[in-house]
Amino acid sequence: MQVIADPAGFRAAATSSGSPLVLVPTMGALHEGHRALIRRARKLAGSTGTVAVSIFVNPIQFDRAGDLAAYPKPLEADLAACEAEGADLIFTPEAGSMYHPDRSVTVTESLLSRHLCGATRPGHFDGVCTVVLKLFLLSGADSAVFGEKDFQQLAIIRRMVRDLDVPVEIIGHPTIREADGLAMSSRNVRLLPDHRADAPRIRQSLLAARDLLATGERSATALLASARAGIEGSTFAKIDYLELVDAETLQPVSEIERPAVLATAVFYGEVRLIDHLTLQP
Ligand code: AMP
């Protein structure tokens with residue numbers, strides 16, 4: 001396994017390594033969710049291909065300075081996890097080597113990013129699209145694996161690749177959860193013990209809304225009220241957003257007539273957690 005911080009060095013190593021090259025972009029603090037993505041990449045690359053993992057806490061996708069400063073960076077443990085999962089090439093750039101001080105070009109998606117995280121985190125998806133496109137160009141990846149946990153991110157990256165003719169196949173991987181249902185996240189380690197114990201209610205509240213749908217209730221107002229009551233039953237949880245959107249367009253719906261996504265972001269103190277559930281009519 002090769003660890004490279006310099007973008008030009010990474011490009012050279014990626015270009016001369018075996019194909020196909022499968023990229024797994026991450027911000028590090030790797031957990032079982034990331035590891036599942038790397039294992040998936042290993043399978044896709046086969047024994048002759050290359051698995052590249054980028055570990056980069058991308059400053060331009062953070063909307064809160066405190067969140068960026070508090071983001072965990074356990075590099076040694078991350079490298080051990082990459083090695084254990086059979087990754088070949090690890091890219092660990094510094095922010096200064098990824099962004100020119102006077103950079104002036106950004107990739108903006110303007111439709112799928114209107115709601116959900118796009119509405120409450122201004123500039124977030126511009127930062128994501130910009131860094132992901134840079135990583136695709138530097139690595140020359142044939143394909144890249146992303147988690148369905150960040151389903152809006154996945155939809156926006158698929159759209160970017162479609163609209164800009166980027167020759168990278170995008171592969172989505174299911175959300176990996178803790179035993180109590182909490183979606184794994186690098187931010188979970190920052191939860192206070194009381195908050196960690198309470199956080200499974202996020203998924204439970206989404207599941208309760210799905211149970212309500214199963215009884216024949218299709219109205220967004222009723223389904224959202226059900227999920228909201230579940231989350232707000234907590235003394236700690238503060239809803240950042242809770243929305244029901246069409247699964248394809250990511251625009252709000254008033255009634256479930258086609259596949260839809262019930263999605264939420266919840267603050268526990270300074271820690272923001274996201275989760276979602278697909279609802280079928
Ligand atoms: P991050 O390091 O949070 O930027 O995530 C890097 C990649 O891992 C993204 O494609 C995420 O969607 C994915 N990911 C994060 N958490 C999970 C999870 N619990 N299950 C599956 N994929 C995940």
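Q: Two strands pair if DSSP finds at least two bridges between them; which residue in E6 does Val145 stand opposite?
A: This is a predicted model, in which local features need pLDDT of at least 70 and side-chain atom pairs count only at pLDDT 80 or more, while totals for chains, interfaces and linings use all residues. Residues are numbered from 1 along each chain as its sequence is written, and side-chain values use heavy atoms, with hydrogens and water left out. Strands (E, at least two residues) and helices (H or I, at least four) are DSSP runs numbered from the N terminus. The parallel strands E5 (residues 143–147) and E6 are joined by 5 bridges, and the residue in E6 opposite Val145 is Ile171.

Q: Through which helix does the chain cross from E5 to E6?
A: This β-α-β crossover is right-handed, a term that applies if, with the strands pointing away from the viewer, the path from the first strand over the helix to the second runs clockwise. The helix on the way, residues 151–163, is H8.

Q: How many residues apart are Arg64 and Glu270?
A: Their side chains meet in a salt bridge (3.7 Å, N to O), that is, a side-chain nitrogen of Lys or Arg within 4 Å of a carboxyl oxygen of Asp or Glu. Arg64 lies in the loop between strand E3 (50–55) and helix H3 (65–70), and Glu270 in the loop between strands E8 (260–268) and E9 (271–279). The pair thus links distant parts of the chain, and the separation in residues is 206.

Q: Why does the salt bridge of Asp180 and Arg196 tie together separate parts of the sequence, and how many residues apart are they?
A: The two side chains meet at 3.0 Å, N to O.

Q: Is Asp246 buried or exposed?
A: Asp246 forms a salt bridge with Arg258, with the closest N and O atoms 2.9 Å apart. Asp246 lies in strand E7 (residues 237–246) and Arg258 in the loop between E7 and E8. Arg258, at 42% relative accessibility, is partly exposed, whereas Asp246, at 8%, is buried.

Methods: Buried < 20%, exposed > 50% of the residue type's maximum accessible area, 1.4 Å probe, protein only. Pairing = 2+ DSSP bridges.
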